[in-house]
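Hi, here is my note on the model you sent over.

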Amino acid sequence: MASAYDALAERWTDAAFDRGNGLRLEGIDISERMLALARAADPDVLLHHGDVCAWQPPRAYRFISAWDSIWHVRLAQQRPLMLKLMRALAPGGMVRHLEFDQHLEKHLCLIVQRAA
């Protein structure tokens, strides 16, 4: 699967993406090429190379965006991954948004915030 992401990695360097969001960013990716492009675009971002299903979050986060991390993993891995990411949220929130993404496909999009 990493080679498939390596092949499309340059698409994420498009100038249309707003990089001035004021957040301290951290990320994980299975694709070495995607990480190389991300490091070149912003060397201050902390990036981890690995499979998000095996990765252990090193701290609690105020916001987690795992858009492609959920629906690209096998169905049997999705629930444990979602639970792990929700446990990695810092205290203070709730489910903020839920929708089925890409109608006709069975993709579910969640935006959650951990309860205090």
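1. Throughout this note, contact means heavy atoms within 4.5 Å. With that in hand, and leaving aside neighbours within four places in sequence, Val 52 is in contact with Ile 28, Ser 69, Val 73, Leu 81 and Lys 84.

2. Some ground rules. This is a predicted model, in which local features need pLDDT of at least 70 and side-chain atom pairs count only at pLDDT 80 or more, while totals for chains, interfaces and linings use all residues. Residues are numbered from 1 along each chain as its sequence is written, and side-chain values use heavy atoms, with hydrogens and water left out.

3. On the overall layout, the protein has four helices and four strands; helices (H or I, at least four residues) and strands (E, at least two) are DSSP runs, numbered from the N terminus. Read from the N terminus on, the elements run α-β-α-β-α-α-β-β. Of the contacts with a separation of 6 or more, 44% are between residues 24 or more positions apart.

4. Now for burial. Buried means under 20% relative accessible area, exposed over 50%, and partly exposed in between (1.4 Å probe, protein chains only). Buried residues make up 23% of the 116 residues. The largest nonpolar core has nine residues: Val 52, Trp 55, Tyr 61, Ala 66, Ile 70, Val 73, Leu 81, Leu 85 and Ala 88. Such a core is a set of buried Ala, Val, Leu, Ile, Met, Phe, Trp, Tyr and Cys residues joined through side-chain atoms within 4.5 Å.

5. Glu 26 deserves a look. Glu 26 lies in strand S1 and is partly exposed, with a relative accessible area of 22%. Its C-alpha atom is separated by 4.6 Å from that of Leu 46, 20 residues apart along the chain. Not counting residues up to four places away in sequence, Glu 26 touches Val 45, Leu 46, His 48, Pro 58, Arg 59 and Tyr 61.

6. Which side chains make polar contacts with the side chain of Glu 26? One is His 48, at 2.8 Å, and another is Tyr 61, at 2.7 Å. A polar contact is a pair of N or O atoms within 3.5 Å; within protein, one must be able to donate a hydrogen and the other to accept it, and residues adjacent in sequence count only if both atoms are side-chain atoms.

7. Is Ser 31 buried or exposed? Ser 31 is buried, with a relative accessible area of 0%, and sits in the loop between strand S1 (26–29) and helix H2 (32–41). Beyond residues up to four places away in sequence, Ser 31 touches Ala 2, Tyr 5, Asp 6 and His 49.
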